[in-house]
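Please take a moment with the sequence and the structure shown here before reading on. The paragraphs that follow walk through the fold and then turn to individual residues.

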Amino acid sequence: MIRCIAIDDEPLALRQISDYIKKTSFLELAGCVKVVYRLLEVLENTPVDLMFVDINMPDLSGMDFVKTLDNPPMVVFVTASVKYALEGFRVDAVDYLLKPISYVDFLKSANKVKSWLTSTDPKKMK
């Protein structure tokens, strides 16, 4: 199982991502966070393989938050703006999803993560 956290300040978007995680058999929802500062606390106390991170957040953007992490989990950025895509890949994001997100696009990203994890640590997917 791939343990995931979803972070978005928009309740509907957060619910959508968490619902997508729950319906994907190889993903496990480890938490949902509405505020970036809360994410640091969750990461310190919960092992996580993957974060679905909104970029446009109040106070501290999801992009800036990811840049502060020394050893971040894998990241898929979720945003309504295409303008951060290049920067997202510069911080080694696995993927970049544009809102509104379809389950097909979400599943493509999840499968990309699964494929990468299976090739680097086959035991991870058992």
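Where in the chain is the place of D59? In this predicted model, D59 belongs to the loop that runs between β3 (50-54) and α3 (62-68). The backbone at D59 deserves a look, for its phi is positive, at about 75 degrees, although D59 is not a glycine. As background, most residues other than glycine have a negative phi, and most peptide bonds are trans. D59 counts as exposed, because its relative accessibility is 71%, and the cut-off for exposed is over 50%.

The peptide bond that joins K99 and P100 is cis, with an omega of about -5 degrees, and P100 is in the loop between β5 (95-98) and α5 (103-120).

The protein has five helices and five strands, and, read from the N terminus on, its elements run β-α-β-α-β-α-β-α-β-α. Of the 126 residues in the protein, 47% are buried. Among contacts with a separation of 6 or more, residues 24 or more positions apart account for 59%.

The strands form an open sheet of five, in the order β2-β1-β3-β4-β5, and their pairing is parallel. The edge strands of this sheet are β2 and β5, each of which pairs on one side only. From one strand to the next, the twist averages 20 degrees. In general, strands of a sheet pair through backbone hydrogen bonds, either parallel or antiparallel.

Two of the pairings can be followed in detail. Strand β1 (residues 2-7) and strand β2 (residues 27-33) run parallel and are joined by six bridges, and within this pairing I5 has G31 of β2 as its bridge partner. Together with α1, the strands β1 and β2 make a right-handed β-α-β unit. Strand β3 is joined to strand β4 (residues 74-79) by five bridges, and these two strands also run parallel; here D54 stands opposite V78 in β4. Helix α2 (residues 36-45) packs on the sheet, where it touches β1, β2 and β3, and the direction of α2 makes about 160 degrees with that of β1.

Next, consider helix α1 through one of its residues. S18 is found in helix α1, and it counts as buried because its relative accessible area is 6%, where the cut-off for buried is under 20%. Leaving aside residues up to four places away in sequence, S18 touches L29 and C32.

How many aromatic pairs does a search of the whole structure find? The search finds four aromatic pairs. In one of them, the ring centres of Y20 and F106 are 5.3 Å apart and the planes make 50 degrees, so the pair is tilted. This pair links distant parts of the chain, with Y20 in helix α1 (residues 11-23) and F106 in helix α5, 86 residues apart. Y20 counts as buried because its relative accessibility is 12%, and F106 is likewise buried, with a relative accessible area of 0%. Ring pairs also link Y20, F52, Y103 and F106 into a cluster.

K23 lies over the face of Y103, a member of the cluster, at 4.5 Å from the ring centre. The charged end of K114 sits over the ring of F26, 4.6 Å from the centre of that ring.

Is F26 itself buried or exposed? F26 is found in the loop between α1 and β2, and it counts as buried because its relative accessible area is 11%. F26 and R3 are 23 residues apart in sequence, and their C-alpha atoms are 8.9 Å apart in space.

Notes
Residues are numbered from 1 along each chain as its sequence is written. This is a predicted model: local features need pLDDT of at least 70, side-chain atom pairs count only at pLDDT 80 or more; totals for chains, interfaces and linings use all residues. Side-chain values use heavy atoms; hydrogens and water are left out. Helices (H or I, at least four residues) and strands (E, at least two) are DSSP runs, numbered from the N terminus. Buried means under 20% relative accessible area, exposed over 50%, partly exposed in between (1.4 Å probe, protein chains only). Rings of Phe, Tyr and Trp (its six-membered ring) pair if their centres lie within 6.5 Å; planes under 30 degrees apart count as stacked, over 60 as edge-to-face and the rest as tilted. A charge sits over a ring if NZ of Lys or CZ of Arg is within 6 Å of the ring centre and within 35 degrees of the ring normal. Two strands pair if DSSP finds at least two bridges between them. A crossover is right-handed if, with the strands pointing away from the viewer, the path from the first strand over the helix to the second runs clockwise. Axes are lines fitted to C-alpha atoms, for helices over the stretch in contact, and angles run from 0 to 180 degrees between N-to-C directions. Contact means heavy atoms within 4.5 Å.
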